[in-house]
Structure formats: structure tokens, C-alpha cells
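I opened this entry to note what I looked up, going from the overall fold to the metal site.

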Amino acid sequence: MGNLVSISTIGQDSHRFGAPCGNTLIRLGGIDIPFDKPIEANSDGDVVYHAITNAISGFTGVNILGFEADTICLEKGIKDSAVYIDKALEYLKNGKIIHCSVSIECLCPKIKPHIPAMKESIGKILGIPSSSVGITATTGEGLTGFGRGEGIQVFCILTFAKEI
Ligand SMILES: [Zn+2]
């Protein structure tokens, strides 16, 4: 039996909003949120799941977004970002996710009411309790395009236990 160490990795992603289209739903952290603009993306545009996918890649060293996810999305037509997380998790090997911290920057939509459901959804897909998922949201005071309502940026830090 080897020693256990903890390793943390970062993932980031951002997407722009499309033109206002009346009532629609955008996918964030695996849940659908009512909004008046779509997210511009080839996939479902789940910027939270994409940041998580990139944080998993930060551990495995196997990049999924821009690589396998493009094949899955463009050739097989699978838009569900949960599939990209599952693909990234296939390369985990001797690592186990123990905590997920997510930081969201956007002016709109309002994130706060959706945080409990997002924690549940993220905990489920990563195989950790929702109490091991932390989500904060900021409007960024209009200092960036995200804070001015042009899109959403997400950072994710994942913590892994790894046997060495
Ligand atoms: Zn993305």
C-alpha cells in the first residue's frame, strides 16, 4: 500500500451569449436554467461542465475538450457535456476526486438560486457528496465582458487523492 497524496488542478472555460431569443434554457452545471439568450457553442455549452472537464485533464494529462470531445460532438452529434466529463474520467486511473470548487463570473443569469441543484448534479457525476462541491458566483462589477453580461466564465479547482 503506497502513500496517499492530494493534488489539486485547475480548469477554465468561457462562452459567449448569442442574440436575445425570448425564453430559452441554458445548461449550467448539468441543470437547465431559464434565460433570454442562448449560449454560443457546438455542444450544449455547459461552461461549468467544460471547466470541470479541463480540471480533470489537468490531472490526467489527457485533453478532452478540443480533442476527443470535438469528435464526439461534431462527428457523433453528442452535445451533452456530461459525456465529455465521463470521457475525461476514463483516464483517472489511480486518482480519486475528493473535492470540487467552482467559481462562476457572469452578470446574468442569476446563479445563486440554482447553486443547490448544481451541487447535486456535479456531486453525482463526479461521484462525491454534494457537500464536497463548493460553488461561488460573482458579477465581477462589470470589469470584464462576463461582468457586462456578454457571457460566462468559470474556473474549477479539483482536488484528488492519489496513491504514490
Ligand atoms: Zn466550453
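**Notebook: fold, surface and zinc site**

I began with the contacts: of those between residues at least 6 apart in sequence, 72% join residues at least 24 apart. I keep in mind throughout that this is a predicted model.

I then looked up the secondary structure. The chain has four helices and six strands, and from the N terminus the order of elements is β-β-β-α-α-α-β-α-β-β. The radius of gyration is 16 Å, close to the 15 Å given by the globule rule for 164 residues, so the chain is as compact as a globular protein of that length. Along the principal axes, the C-alpha atoms fill a box of roughly 55 × 35 × 25 Å.

Next I checked burial and surface. I find that 46% of the 164 residues count as buried. The accessible surface is about 8,200 Å², and carbon and sulfur atoms hold 53% of that. For the charges, I noted 14 positive and 17 negative ones, with mean positions 3 Å apart.

Which residues coordinate the zinc ion? I list Asp-13 through OD, His-15 through NE2 and His-50 through ND1, at 2.0 to 2.1 Å. The spacing of these donor residues in sequence is D-x1-H-x34-H.

How values were computed:
Residues are numbered from 1 along each chain as its sequence is written. This is a predicted model: local features need pLDDT of at least 70, side-chain atom pairs count only at pLDDT 80 or more; totals for chains, interfaces and linings use all residues. Side-chain values use heavy atoms; hydrogens and water are left out. Helices (H or I, at least four residues) and strands (E, at least two) are DSSP runs, numbered from the N terminus. The radius of gyration is taken over C-alpha atoms; the globule rule is 2.2 Å times the number of residues to the power 0.38. Buried means under 20% relative accessible area, exposed over 50%, partly exposed in between (1.4 Å probe, protein chains only). Contact means heavy atoms within 4.5 Å. Accessible areas come from the Shrake-Rupley method with a 1.4 Å probe; for residues, only the protein chains shown count as cover. Lys and Arg count as positive and Asp and Glu as negative; His and the chain ends are not counted. The place of a charge is taken as NZ of Lys, CZ of Arg, CG of Asp or CD of Glu. Donors are N, O and S atoms within 2.8 Å of the metal (3.2 Å for Na, K and Ca); water is not among the atoms, so sites may look incomplete.
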